[in-house]
Amino acid sequence: VNRGGFASAILDYTGFEHLNKRFYLIDTFSGLVRDYLSKEEVKKGFLQTYSYYNDNSVETVRETFAPFQNVTVVQGTVPDVLSTLGVRQVAFLSLDMNCTIPEISAAEHFWERMSPSGIILLDDYGPTPHCEQQKAFDHFARERGVRVLALPTGQGLILKTGAGGNIISRAA
C-alpha cells in the first residue's frame with residue numbers, strides 16, 4: 001500500500017466509488033516483517049533496502065481513502081490477516097510486498113477465490129534482487145496449469161480464465 005498512490009490511480013481510473021465491489025488495502029504500515037523474509041532475502045539486505053516503508057502511517061492512508069465507502073484499509077501482516085477478511089471472490093490481486101513468503105501465501109490463499117479472467121499482478125517478478133520471487137511464482141503458476149507473463153516493467157501477470165482452462169502466454 002505504502003501511501004496508496006497505485007491504489008488511488010486504480011480507483012480513479014475505474015470510477016471505483018460507483019462500483020458494487022470492495023477494494024482491500026493490506027499493509028503492516030511498519031515495513032517488512034523479518035519472520036516472513038527468506039534467508040536469502042535477509043542476506044541480500046531487504047530489511048535495509050526497504051526500510052523507507054518502516055514509517056508509513058495507517059491514519060494517513062485511511063484519510064486518503066475515506067471518501068471511498070467501498071475501500072477497506074487493513075493494518076496487519078500477510079498471510080496472518082487474510083482469513084479474517086471474509087473475501088469470497090477476487091477480480092484483481094496486486095502483490096507488492098517485496099518478499100517471497102507473504103506474496104506466495106497471498107496467491108495461494110486467493111487462487112481458488114479468483115474469478116474467471118481474474119488478474120494477479122506481481123510487482124517484483126523480474127528484477128534481479130527478486131529472483132526468488134520469480135522462481136516461486138513460476139512454480140506456483142506451473143502447479144496450476146498457467147504461466148506468468150513477464151512484462152517489460154519488471155512485473156509479472158497471471159490471468160485465470162474460465163472453466164475452459166487457465167491460459168496465459170509467456171513473453172519471449
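## Aromatic rings

Let's start with a group of rings: F46, Y50, Y52 and Y53 make up one aromatic cluster. Keep in mind as you explore that this is a predicted model. A search of the whole structure turns up 8 aromatic pairs. One of these is W111 with F140, an edge-to-face pair with 5.6 Å from centre to centre and 90° between the planes. This pair ties together distant parts of the chain, since W111 belongs to helix α5 (residues 100-111) and F140 to helix α6 (residues 131-143), 29 residues apart.

Now turn to helix α4, which spans residues 58-65 and has V58, V61 and F65 as buried residues. Why do they share a side of α4? They cover an arc of only 65° around the axis, and that puts them on the same side. Look at the other side of α4 and you will find E59 and E63, which are exposed.

What covers the buried residues of α4? The cover includes α1 (5-14), β1 (23-27) and β2 (71-75).

## An open sheet

Next comes an open sheet of 4 strands, ordered β3-β4-β6-β5 with mixed pairing. At its edges stand β3 (90-95) and β5 (149-150); each has a single partner strand, so one side of each is left without a neighbour in the sheet.

Strands β4 (residues 114-122) and β6 (residues 156-160) run antiparallel and are joined by 5 bridges.

Key
Residues numbered from 1 in each chain as written. Predicted model: local features only at pLDDT ≥ 70, side-chain atom pairs only at ≥ 80, totals over all residues. Heavy atoms only, no water. Buried < 20%, exposed > 50% of the residue type's maximum accessible area, 1.4 Å probe, protein only. Helix = DSSP H or I, 4+ residues; strand = E, 2+ residues; numbered from the N terminus. Arc of directions from axis to C-beta. Contact = heavy atoms within 4.5 Å. Pairing = 2+ DSSP bridges. Phe/Tyr/Trp six-rings, centres within 6.5 Å; stacked < 30°, edge-to-face > 60°.
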